[in-house]
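Please look through the model shown below before reading on. The numbered points that follow take up selected features in turn.

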Amino acid sequence: MNRLAGELGLCRAGAEARVFSAQVEVSDELELIPTFAIALSGCDLRCSFCITGASSWNPRAGEILDATAFAAKAEAALAGGARTVMILGGEPTIHLPAALEIVAALPDTAKLVWKTNAHGSAQARELLDGMFDVWLADYKFGNDSCAQRLAGIPDYTNTVQENLRWASQQSDLIVRHLVMPGHIDCCWKPVAVWLANEFPQIKVNLRSGFWPGWKSAKHAELRGTTSQLDSDRAWEIAREHELHLIE
Amino acid sequence: MNSKKVMSAKQQVELTTELLIMPDGKVLAHNLTPAMAAVLSELNPTDEAIKQRIITHVGSETKKLLPEHWHSPAHKISDQ
């Protein structure tokens, strides 16, 4: 796919990256906040439950990225008390050149966070080698069937696991999983088992507060928030496998 | 309140926090700014999850919106 020649892939992104949000936020992991979060439009996944669907699915949302200008805003935020600079999406991997431009414009002392769906290619992650202090990676689905049904993506498990193995060697890796209604045993449990076997000490953020927005109503089980029963079961699984949960 | 605004290509980046208030009174927050975290904490001072996210490192304009006691060292976020 040659985006410079106007060809479009699944993400529909063109040659230029756009930013739909850039602000200091405190909703992420406690060890990372306050963070100056720069959100790039466009994504390679099509998660029905995407919390920023309108912008994440639209690579033309927001303003054209001026890496120098946004790096200056990030520096100002750091000077004002932000602890990290986070680059996210959508999925920032689809805008690698732009993301790397931002990194290049930031001071070496800035603590950088790469917030990703961990579904990038091996070629993409090689370009990210050594660039980010923290990889904040989603492990969303515990099987390929749910990934295909809810996010339209094939071969999810192998790709994500390969990327997580790589990231664990390159940076401080934090794995996130969003507890989704009706997806505890099919998704969270396999993820928990794999993490416990593969990375027993990895930091895991089990996210509650499923938001039934965007296109989640397409799926009957995603039309409401997570029940207390599902939440309790999810935390029980985490305890059973002695995962290192962080807030 | 779950914002469903559609972003146009020309729309400028602006500060945004989205709130979803559930029928049982639970409030979900996304893209939580420091100022909104302070507001939510005022609504429910016993909520530890939000309390941990209160910071004093905000700009002067935002500081004006916060109660005076939020500026005290006791509300500084703990290092993790």
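1. In the lining of the second largest pocket of chain A, helix H3(A) gives the most, with 4 residues; helices (H or I, at least four residues) and strands (E, at least two) are DSSP runs, numbered from the N terminus. H3 and helix H4 (122-127) of chain A each supply at least two residues of this lining. The model is predicted, so local features need pLDDT of at least 70 and side-chain atom pairs count only at pLDDT 80 or more, while totals for chains, interfaces and linings use all residues. Residues are numbered from 1 along each chain as its sequence is written, chains are lettered from A and ligands numbered from 1 in the order in which they are written, and side-chain values use heavy atoms, with hydrogens and water left out.

2. The second largest pocket holds about 510 Å³ of space, and of the 26 residues that line it, the closest to its centre are A:Arg3, A:Thr93, A:Ile94, A:Leu96 and A:Pro97. On a 1 Å grid over the protein atoms alone, a pocket is an open set of points with protein on both sides within 12 Å along at least five of seven lines, a cavity is a set of points where a 1.4 Å probe fits but cannot get out, and lining residues have an atom within 4 Å of a point. Grid points are joined across faces, edges and corners, and a volume is the space filled by probe spheres set on the points. By class, the lining of this pocket has 13 nonpolar, 7 polar and 6 charged residues, where Ala, Val, Leu, Ile, Met, Phe, Trp, Tyr, Cys and Pro count as nonpolar, Asp, Glu, Lys and Arg as charged, and the others, Gly among them, as polar.

3. What is the volume of the largest cavity? The volume is about 40 Å³, and the count comes to 1 cavity of 30 Å³ or more. Strand S5 (112-116) and H4 of chain A are the elements that give two or more residues to the lining of the largest cavity. Among the residues that line the largest cavity are A:Thr93, A:Trp114, A:Arg125 and A:Asn163.

4. Helix H2 (residues 67-79) of chain A packs with helix H3 (residues 96-105) of chain A at an angle of about 50 degrees, with their axes 8 Å apart; axes are lines fitted to C-alpha atoms, for helices over the stretch in contact, and angles run from 0 to 180 degrees between N-to-C directions. H2(A) is therefore oblique to H3(A), given that angles under 35 degrees count as roughly parallel, over 145 as roughly antiparallel, 65 to 115 as roughly perpendicular and the rest as oblique. In H2(A), A:Ala67, A:Thr68, A:Ala71 and A:Glu75 meet A:Glu101, A:Ile102 and A:Ala105 in H3(A), contact meaning heavy atoms within 4.5 Å.

5. Helix H7 (residues 184-198) and helix H8 (residues 228-240) of chain A have axes that come within 10 Å and cross at roughly 20 degrees, which means that H7(A) is roughly parallel to H8(A). By class, their contact has 6 nonpolar, no polar and 4 charged residues.

6. Some backbone details also deserve a look. The peptide bond from A:Ile33 to A:Pro34 is cis, with omega near -5 degrees, and A:Pro34 lies in the loop between strand S1 (18-25) and strand S2 (35-40) of chain A. A:Gly89 and A:Gly90 are also joined by a cis peptide bond, with omega about 10 degrees.
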